[in-house]
Amino acid sequence: MQPTDVRNPQYFHKVVDCQWACPAHTRVPEYIRLIAAGRFDDAYLLNWDSNVFPGILGRTCDRPCEPACRRGRVEENNGEKPEPVAICRLKRVAADNRSNDIDKCMRERLPGQIPGAENFRVACVGAGPASLTVARDLAPLGYRVTVFDADPKGGGFMRTQVPRFRLPEHVIDEEVGYVLDLGVELVGNRRIDSLRKLLEENYDAVFIGCGAPRGRDLQIPGRGENADRIHVGIEWLASVYFGHVKRVGQRVLVLGGGNTAMDCCRSARRLGGDDVKVIVRSGYEEMKASPWEKEDAEHEGVEILNWLNPKSFVHENGKLTGMWFTPMREERDAKGKRKLLPTGEPDRFFACDEVLIAVGQENAFPWIERDLGMAFDEWGMPKLDKLTMQSSLPKVFFGGDAAFGPKNIIWAVEHGHQAAVSIHNFLQDEDVRKRPPPLSNLVSQKMGIHEWTYDNDISPDERYVVPWAPKEKTLADIKQEVELGFDLSTACKEAERCLNCDVQTVFSKDVCIECDACVDVCPMDCITFTANGDEADLRERLTAPAQNPQQDLYVSDPVKTGRVMVKDEDVCLHCGLCAERCPTGAWDMQRFLFAESYAGRGEGYSARPAKKVAA
Amino acid sequence: MTYLPKPKLHHPSLQKNRVGFTRRDYEGAISTLCAGCGHDSISAAIIQACWELDIEPHRVAKLSGIGCSSKTPTYFLGQSHGFNTVHGRMPSVLTGANLANRELLYLGVSGDGDSASIGIGQFVHAIRRGVDMVYIVENNGVYGLTKGQFSATADQGSKSKKGAVNTDAPVDMVGMALQLGASFVARGFSGDKQQLVPILKAAMTHTGAAFVDVISPCVAFNNHPGSTKSYDYVREHNHALCRMDFIPPRVEITVDSHPPGEVREVRQHDGSMLRLRKLPDSHDTGDRVAAMNYLHECQARGEIVTGLLYVDPEAPDLHAHLDTAPVAFNRLAEPELCPGAAALARINAGLR
Ligand SMILES: Cc1cc2nc3c(=O)[nH]c(=O)nc-3n(C[C@H](O)[C@H](O)[C@H](O)COP(=O)(O)OP(=O)(O)OC[C@H]3O[C@@H](n4cnc5c(N)ncnc54)[C@H](O)[C@@H]3O)c2cc1C
Ligand SMILES: Cc1ncc(C[n+]2csc(CCOP(=O)(O)OP(=O)(O)O)c2C)c(N)n1
Ligand code: SF4
Ligand code: SF4
Ligand code: SF4
Ligand SMILES: [Mg+2]
């Protein structure tokens, strides 16, 4: 193999599994260390910079970082149940323990105003996380940002869909408030029903973050009757939020297996549903809902039934009495493509009083005139440059669920960051595709012979469980938050489980004397000195076979005996024992910093004079 | 040296051997030796060898004297028996232990100071008697623990870290072991585990006095230019005799198709097979005199010969010489251990 070029920032970035997996590349290990050090404000602000909603995300994030977390792999065959670090819930610890006046520090950490920026007006449609991120990035630079939403308050689906027992309203108020306080104008109760008219208001750029607001319906026999007993999930959840719905029938069927279905069934349990069943067409494993959402629902007494396809609604004497379902099985064709087929067993009937349909969400842009020259694809989605989020109308940008269909909050935030960079470039007459380079550096953490700036003693603890409010209490009050968050001593113990994967093992072949000390001491058998070969061959020949192709091999130039040092990054504990054992300092532990650059940051940006005078 | 205990976490693919242990189960406490010390590599090789041989840790006794090398039994086989004796006295304590309980595997771990200076008399007699043991000398040419004085194995003309030249002639422990009748004699290098691990496995399965000299650079006091025991010097002058494969008794040995001279096989007493590859024609591991000649020839050429030099798979050991009881004393009941006045009278009568 070719020697690894560790000067390429993406090499070590990839080793920081959580940060690499986070759409916004949040610097996870750094904030976990800050929490362990009791520096909650710094931990919060570091998060806020990347993901804008630490308190919200610390409760609701889809957490792509956790399945990626090295800790989960390292614990394999080492205990009962391998689990990643509770990255998401630690984020909440930073939010829970921050100072009340933290907003005073926020501006200090943002870039300053660009002369003339105040002459540009940017409109954002929808006040969800995508638009709010655009506003957070652009307002400090001096741009005048106006956010329109059909709902009275900002927050988008985070406010109207995510139920209060998962996300208290004050958390949304605070974090939406931080953005608005940067000088962003929110125009609530204002639905934009014509893009043409909006463009005629002479905004210099328009960002569309209107989400994917339409819940998919289920057109099967009987759907037309008793409409007050059969609801589309996301509409029903919004009605619950706005207080229009306060009760539900005693027996409830929820159709669908995604996170919306989970929020529907858990809400129903709190509004009078004693017998709540989630009925899913496919199997338990392939349900779209996150595993923890399923666990939470089942914990609350919801029954999940799989392999049942809804067939018809049954009404008797003008009353909904139940539904028929067809038992299904799966079959794969020659190409491995999955198909659902009836098993041939008799249909099954489930009695119920109310049905919630949560079978998917769709985009809809009825307010965008198709003669404006904006290109749409065959599925009715705007054609976008994936890098810049720019549409075919140069001054119109998209992000969040409106861009590529329903995703989640953290993706909406990342889209917002990228769109903000593009809008800034666009307004400054720069190439829109030009991205500011990330900030990255690599610094030795050695403080003494066996002293490092970080705690390299590896905690053997298994993942800690977040405490819950008692079930009697949470099921009685839909606004009672279920998870209570880690207390500080548990948070510190959980933080200790983090392996500090951003502290990198860096090898200098020139000083290596090939004493094997690092090979012998490494608890995870990561290091091998051997003859070079191609990657597949090397992966077989290492001290422990490197069977995870997702994880890179770090290969050195030849050492004195002509062999190469090969390190499998996969399950390295970043414990630094190799560096402590190395007599010559050929191994060093160096902290790798990688931070994405947002609008107006990074190098190569010079503010330009305003290109036009205020309107 | 590191202060932190090595984390218990291990590679997910780490395997258990036939007696249910992983390689990590053969480790000991974290080493307090200098970072990069050759002795730590030897400990790692012993761990690897014991794991591969499916040795039950409680069937091993580690005995040592004094020195950095003699400290190492703390750093491997943490679940085995151990006795850290007095300087140079490991061989006699080991001999006694072995006589009392012949059923354990005895590892005598020593240094060049411990065995070639203060303990040379003890070394000589343990080898001469054919005590069933693996006698390992972790040879760095200095007294590491007392900060780097030349030891008796330092080569004439080699330089200390401060520049002093050694004028005394060295003791060659491999030559001595051959001359004293050791039935297994080999030399290894701490920086070459591929060679060392099979040597240790063969020594551990050998019955009789197995002597293994392992050149083991002292990074702190004897790893500079001018030293003949440094990593660089040993790598440059290493004359590896042969590569050895150790084939355990349970593995069926296939008929070999290699041309003679290139591969030689030695079947040990326990049924294991030593397969020696690329053996120079001139040398026969079954010929003690040839081994001694070869050792001296290499020495004259300035080469450090490593590998298996001599093995006698059928040699009798001390227990055979003395016709001792076939089991450990702790298995004998009182009537056998104390046969009574009549038996004593019989013995006395036989000596009159
Ligand atoms: C039930 C449910 C639960 C969810 N739970 C989670 C979760 O736990 N974690 C997670 O990460 N994600 C979750 N999601 C997904 C997440 O809410 C969305 O992916 C995210 O909010 C998308 O953000 P956005 O900025 O694109 O727009 P949205 O948050 O959808 O906001 C769009 C806003 O635009 C407004 N709007 C739309 N059209 C117009 C118009 N023409 N004029 C003016 N205003 C308009 C809407 O009123 C809305 O307020 C959930 C979704 C649902 C449905
Ligand atoms: C009776 C006695 N004499 C002298 C010493 C001092 N002493 C301690 S270790 C040592 C030499 C050890 O040398 P070696 O066996 O080569 O071990 P190394 O440290 O080099 O591995 C000496 C002389 C002692 N501990 N006891
Ligand atoms: S930091 Fe070094 S010793 Fe620790 S697991 Fe990684 S490679 Fe092994
Ligand atoms: S411990 Fe240091 S000098 Fe020794 S082999 Fe490892 S990197 Fe090389
Ligand atoms: S002094 Fe020498 S022999 Fe002793 S531990 Fe240090 S390097 Fe090893
Ligand atoms: Mg010594």
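Predicted model: local features only at pLDDT ≥ 70, side-chain atom pairs only at ≥ 80, totals over all residues.
## The magnesium site

Let's start with the metal. Three residues of chain B hold the magnesium ion (ligand 6): Asp112(B) through OD, Asn140(B) through OD1 and Val142(B) through O, at 2.0 to 2.2 Å. Read along the chain, these donors follow the spacing D-x27-N-x1-V. Asp112(B) belongs to helix α4 (residues 112-118) of chain B, while Asn140(B) sits in the loop between β4 (133-139) and β5 (142-143), so the pair ties together parts that are 28 residues apart in sequence.

Are these two residues buried or exposed? Asp112(B) is buried, and Asn140(B) is buried too.

## Around ligand 2

Some residues from the metal site turn up again here. Ligand 2 is surrounded by 17 residues, and the closest are Cys68(B), Ser69(B), Asp112(B), Gly113(B) and Asp114(B). By type, the shell holds six nonpolar, nine polar and two charged residues.

Polar atoms also come up to oxygen atoms of this ligand. Asn140(B) places a polar side-chain atom 3.0 Å from an oxygen atom of ligand 2. Val142(B) has a backbone N or O atom 2.8 Å from an oxygen atom of the ligand, and for Leu145(B) a backbone N or O atom lies 2.9 Å from one. On its own, ligand 2 has 590 Å² of accessible area, and the protein covers 73% of that. Which elements give two or more residues to this shell? They are α2 (68-71), α4 and β5 of chain B. Helix α4(B) gives the most, with four residues.

## Around ligand 3

Now over to chain A. There are 13 residues around ligand 3, and those that come nearest are Cys522(A), Cys572(A), Leu573(A), Cys575(A) and Cys578(A). This shell divides into nine nonpolar residues, three polar and one charged.

Our last stop is Lys6(B), found in the segment before α1 (38-52) of chain B. Why does Lys6(B) count as buried? Its relative accessibility is 15%, and buried means under 20%.

Leaving aside residues up to four places away in sequence, Lys6(B) touches residues of chain A, including Asp520(A), Val521(A), Cys522(A), Pro523(A) and Leu577(A). Within chain B, Lys6(B) touches Arg24(B), Glu27(B) and Ile30(B). Another partner, Cys522(A), is among the residues that come nearest to ligand 3.

Methods. Residues numbered from 1 in each chain as written. Chains lettered and ligands numbered in written order. Heavy atoms only, no water. Donors = N, O, S within 2.8 Å, 3.2 Å for Na, K, Ca; no water. Buried < 20%, exposed > 50% of the residue type's maximum accessible area, 1.4 Å probe, protein only. Near = heavy atom within 4 Å. Nonpolar A, V, L, I, M, F, W, Y, C, P; charged D, E, K, R; others polar. Polar contact = N/O pair within 3.5 Å; in protein donor to acceptor, adjacent residues only side chain to side chain. Areas by Shrake-Rupley, 256 points an atom, 1.4 Å probe, with all protein chains shown as cover. Contact = heavy atoms within 4.5 Å.
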